[in-house]
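Here are my notes on this one, jotted down while going through it. Have the structure open beside you as you read.

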Amino acid sequence: MAVAMAACSLGLHLTTADNSFSIRPLDKTISIAKTCYILHKTRWSSSRITIIRRATPLTDVMKEDGNQGDADATVPTPIVIIDQDSDPDATVVEITFGDRLGALLDTMNALKNLGLNVVKANVFLDSSGKHNRFSITKADTGRKVEEAELLEAIRLTIINNLIQYHPESSAQLALGAAFGLVPPKVQVDVDIATHITISDDGPARSLLYVETADRPGLLVDLVKIITDINIAVESGEFDTEGLLAKAKFHVSYKDKAIIKPLQQVLANSLRYYLRRPSTEEASF
């Protein structure tokens, strides 16, 4: 297969300090299947993610699936969910793209190239469309994914493959500006879009909910901001829905729920960094 290469460096280094939590840093370079058009760096850039285009052209997929007439249909909003709560032994990933997301072989192969095994997969339909659900474990340990960098790599890999099969969807995704040929027409005002709530989730932990404008590296940014103030991230769910990202984390401080003053510190820290991300664009 001819390979067209481009590179995209994402600052995805996570320092855990003395915290004990289940989302840990990744200490090696990751290769992801995608086409990249910009270089994105976060505040603590150190590791690199190399991007290689692998997906099949849209026309071939449409012929294969028999959906040639769908190109003129209303484009549904792509949704990618990374769920760390549902299964104690595996990371559950769910992809929704109307009822037209088919031929997922490239996506599964790309996940295997990240050192992952797809141990279970199923498809179901409801009123919101066709849902493809995978249970993923690390190939070397057989355990669920815990590193924030690798979780972000999974997210970007899936979105890249989705856009390669359905390039019309890039205009609906915030990440379409980085991965797709057509960037979104609407730019989200991060000040308006950012919503943060923290509530008790029993005596030993709290539930943190964050909704904000999506961008590459966001998952790692959130974990870094939280752990920088010595709050442990135990598990959670990260949803990519169009222009927005929605994250739900179970968090604790010294094995207890977060008290009100610390909740305010956490919320203020997240708002500050999410509204003023330090990024820059460049090209090779």
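**Notes on the model**

1. Starting with a strand pairing: Val80 has Thr240 as its bridge partner in β10. The two strands involved, β4 and β10 (residues 232-241), run antiparallel and are joined by 5 bridges. Keep in mind throughout that this is a predicted model.

2. β4 has another neighbour, too. It pairs with β5 (residues 91-96), again in the antiparallel sense and over 5 bridges. Two of the pairs to look up are Ile82, which stands opposite Val93 in β5, and Ile81, whose bridge partner in β5 is Glu94.

3. Now Lys144, which I'd click on next. You'll find it in the loop between β7 (129-138) and α3. Is Lys144 buried or exposed? Its relative accessibility is 13%, and since the cut-off for buried is under 20%, Lys144 counts as buried.

4. What does Lys144 touch, leaving aside residues up to four places away in sequence? The contacts are Gln84, Asp87, Pro88, Asp89, Ala90, Thr91, Ile136 and Lys138. As for Asn117, it is 27 residues from Lys144 along the chain, and their C-alpha atoms are separated by 9.8 Å.

5. On to helix packing. Two packed helices are described by the angle between their axes and the distance between the axes. For α2 (residues 105-113) and α3 (residues 148-165), the angle is about 155° and the axes are 10 Å apart. Angles over 145 degrees count as roughly antiparallel, which is therefore the description for α2 and α3. Their crossing is right-handed.

6. Which residues make that contact? From α2 there are Asp106, Thr107, Ala110 and Leu111, and they meet Ile154, Thr157, Ile158, Asn161 and Tyr165 of α3. Sorted by class, the contact has 5 nonpolar, 3 polar and 1 charged residues.

7. The buried set runs Leu218, Leu219, Val220, Asp221, Leu222, Val223, Lys224, Ile225, Ile226 and Thr227. Note that Asp221 and Lys224 are in there.

8. What do the buried residues of α6 pack against? They pack against α3, β9 (206-213), β10, β11 (244-252) and α7 (260-275). Just after α6, check the backbone at Asn230, which takes a positive phi of about 65°.

9. Finally, the whole protein. It has 7 helices and 11 strands, and 50% of its 284 residues count as buried. Looking at contacts between residues at least 6 apart in sequence, 69% join residues at least 24 apart.

Conventions
Residues numbered from 1 in each chain as written. Predicted model: local features only at pLDDT ≥ 70, side-chain atom pairs only at ≥ 80, totals over all residues. Heavy atoms only, no water. Axes fitted to C-alpha atoms, helices over the stretch in contact; angles between N-to-C directions. Helix = DSSP H or I, 4+ residues; strand = E, 2+ residues; numbered from the N terminus. Parallel < 35°, antiparallel > 145°, perpendicular 65-115°, else oblique. Left-handed = near helix turned anticlockwise from the far one by under 90°. Contact = heavy atoms within 4.5 Å. Nonpolar A, V, L, I, M, F, W, Y, C, P; charged D, E, K, R; others polar. Pairing = 2+ DSSP bridges. Buried < 20%, exposed > 50% of the residue type's maximum accessible area, 1.4 Å probe, protein only.
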